[in-house]
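Thanks, everyone. Let me put the model up and walk through a few parts of it.

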Amino acid sequence: MDRFDDVRTRFAPNPDGPLHLGNARPVILCHEYAKMYDGTFILRYEDTSPDVKAPIPEMYEAIMEDLRWLGAEPDEVYYQSDRLELYYRYARMLLEMGAAYVCTCPPERFKELYMRGEPCPCRGLSPQVHIDRWEGMLGGLYRKGEAVVRIKTDLRHPNPAVRDWPALRVATAPHPRVGTRYRVWPLYNFSCAIDDHEMGISHIIRGKEHEVNTVRQRYIYKYLGWDYPEVLSVGRLSLEAGVLSKSKIRAGIEAGTYIGWDDPRLGTLMALRRRGIQPEAVRMLMLEIGPKGVEARISWDNIAALNRRVVEPRANRYFFIENPKPLRIVGLNKPLEAKLPLHPDHPERGVRRLRVEPEDGAVDLQIAERDAERLRPGERVRLMGLMNIEVRETEPNLEAEPIPGDHLEARRMGLAFIHWLPKGLGVEAEVVMPDASRIKGLVEPLCLEEEAGSIVQFERFGFARIDSLKPLVAYYAHR
RNA sequence: GCUCCGGUGGUGUAGCCUGGACAAACAUAACGGCCUUUCGAGCCGUUGAUCGCGGGUUCAAAUCCCGCCCGGAGCACCA
């Protein structure tokens with residue numbers, strides 16, 4: 001803490017895909033930590049790989065959107081593709097100091113040597129030779145793969161991955177932001193080390209997979225006499241069901257398996273958002289998991305439980321009749337009206353009124369297929385808010401008649417409470433399930449007064465987010 | 001193979017550094033009850049773990065030491 005005046009944390013993604021649940025861990029932790037000490041939270045786009053992991057132009061904004069949604073809007077934003085000159089200056093400086101060298105060995109040959117802890121022929125050459133080679137790299141003398149700047153480290157380092165690691169290489173593919181203006185690009189460890197210092201980062205919170213990188217980056221700090229930030233390596237996150245891997249998602253989208261980056265089967269923030277998972281729930285989840293170095297496997301039950309807590313008080317209740325089946329009530333002569341609260345704990349929000357008007361002593365209703373299939377002649381159930389009934393026959397048509405008693409009586413008798421809608425009243429609707437399948441059904445018309453994006457509870461079905469109203473489409477969140 | 005992490009109720013985690021109040025905590029799931037109305041939400045409660053295996057140190061071990069087994073991550077001219 002006292003080594004730095006201000007707490008400055010950063011989140012540094014490659015804009016080659018949107019954020020997913022795994023990214024939320026460092027994001028929330030960095031943001032929370034910065035806020036806790038009245039510090040600064042920085043977003044730095046690490047878009048330095050035009051060839052291997054090319055940035056996707058729309059993703060710059062998508063990532064920003066994800067951060068805003070999470071409630072972690074950055075105080076400062078940087079693009080590494082704007083900072084090439086800066087990296088070049090430091091590269092030259094390190095070359096002049098003899099702390100780095102330009103290696104022109106074939107990669108396989110170099111690997112053989114460093115695995116044995118031996119220097120390659122380039123390493124011992126004078127700084128002047130390396131400066132010349134560096135000019136050559138910038139000037140186009142070397143093609144892709146022919147020269148690379150390496151940082152000198154301990155060649156006997158127990159971890160071979162640390163030995164004389166590569167810092168800058170030739171990459172000629174056009175970059176979406178700066179085109180072909182540069183042909184030498186820094187590798188992750190180099191630009192990251194330089195920027196962490198240049199941006200005054202005090203605390204690095206990042207995934208455990210970067211632990212070796214921390215060791216590598218410390219060499220730069222040592223050569224330049226800088227103070228390395230505090231590092232916290234958090235474990236990787238995995239989702240019990242739901243894909244997080246960017247490359248897999250991309251392949252799935254291209255193959256048409258997924259409808260897009262927000263396909264409900266995916267673990268992207270976009271997908272969670274669309275399914276009605278609230279940012280508060282993600283935040284609670286991350287804070288609950290904490291900054292430990294151990295990896296955590298997130299279960300949907302867990303996300304759902306957290307989200308339910310957030311969403312339950314907000315969600316108005318409606319009847320959604322999945323795969324509607326007809327139910328005829330006979331022996332009913334007077335009209336009835338069911339009055340159901342929009343929310344059981346918030347009577348002030350009002351009620352839903354559903355009128356039932358019998359003709360010739362009978363009225364037709366619609367109930368969910370699941371309920372219809374379970375009914376047997378002689379069985380009694382309660383139509384929520386309306387009346388208790390006893391089934392007379394199921395073939396050829398499902399028919400029942402009213403029996404006396406209120407809901408308390410129904411409860412005493414242990415009857416099931418089922419939801420229903422008068423025939424002809426329901427609005428056609430579709431619910432997109434977590435496995436991307438779609439369930440068709442009818443929703444009570446009052447639901448159309450909800451706004452797109454709001455969360456509702458379809459009673460005895462589950463919580464869902466209204467995705468669109470004109471055709472009524474909802475995304476299923478969880479029970 | 002090498003480097004580094006983990007293995008705690010059905011599931012996901014806390015506790016381990018700084019042994020003792022841990023007859024192990026939280027959440028979730030399951031089960032049961034309640035509810036002017038959800039057999040799927042809510043509320044209340046119950047069940048459920050000899051803390052990977054074996055040995056050692058100690059008055060005392062989930063916690064410390066040794067060995068073994070199992071799982072994960074990293075070992076790029078990716079980030």
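Start with one residue pair: in β19, the bridge partner of R380 is E390. Before going further, some ground rules. This is a predicted model, where local features need pLDDT of at least 70, side-chain atom pairs count only at pLDDT 80 or more, and totals for chains, interfaces and linings use all residues. Residues are numbered from 1 along each chain as its sequence is written, chains are lettered from A and ligands numbered from 1 in the order in which they are written, and side-chain values use heavy atoms, with hydrogens and water left out.

Two terms for the sheet. Strands are DSSP runs of E, at least two residues, and helices are runs of H or I, at least four residues, numbered from the N terminus. Two strands pair if DSSP finds at least two bridges between them.

Back to the hairpin. Strand β18 covers residues 380-383 and β19 covers residues 387-393; they pair antiparallel over four bridges. V381 stands opposite I389 in β19. Three residues separate the two strands, and G385 in the turn has a positive phi of about 75°.

What joins β19 to β20? Another hairpin, through five residues. Strand β20 is residues 399-403, and five bridges tie β19 to β20, again antiparallel. There, V391 has A400 as its bridge partner.

Now zoom out. These strands belong to an open sheet of seven, ordered β21-β18-β19-β20-β14-β17-β22, with mixed pairing. At the edges sit β21 (416-418) and β22 (420-422), each pairing on one side only. Strand to strand, the twist averages 40°; axes are lines fitted to C-alpha atoms, for helices over the stretch in contact, and angles run from 0 to 180 degrees between N-to-C directions.

Next, helix α5, residues 127-139. It has 13 residues, and at 1.5 Å a residue should span 18 Å; the end C-alpha atoms are 18 Å apart, which agrees. The expected span is 1.5 Å times one less than the number of residues. Which residues of α5 are buried? H130, I131, R133, W134, G136 and M137. Buried means under 20% relative accessible area, exposed over 50%, partly exposed in between, with a 1.4 Å probe and protein chains only. Those buried residues pack against α3 (84-97), β4 (100-103), β5 (148-151), β6 (166-170) and β7 (184-186). Just after α5, G140 takes a positive phi of about 95°.

Last, M115, in helix α4 (residues 107-115). At 48% relative accessibility, M115 counts as partly exposed. Beyond neighbours within four places in sequence, M115 is in contact (heavy atoms within 4.5 Å) with P160 and R163.
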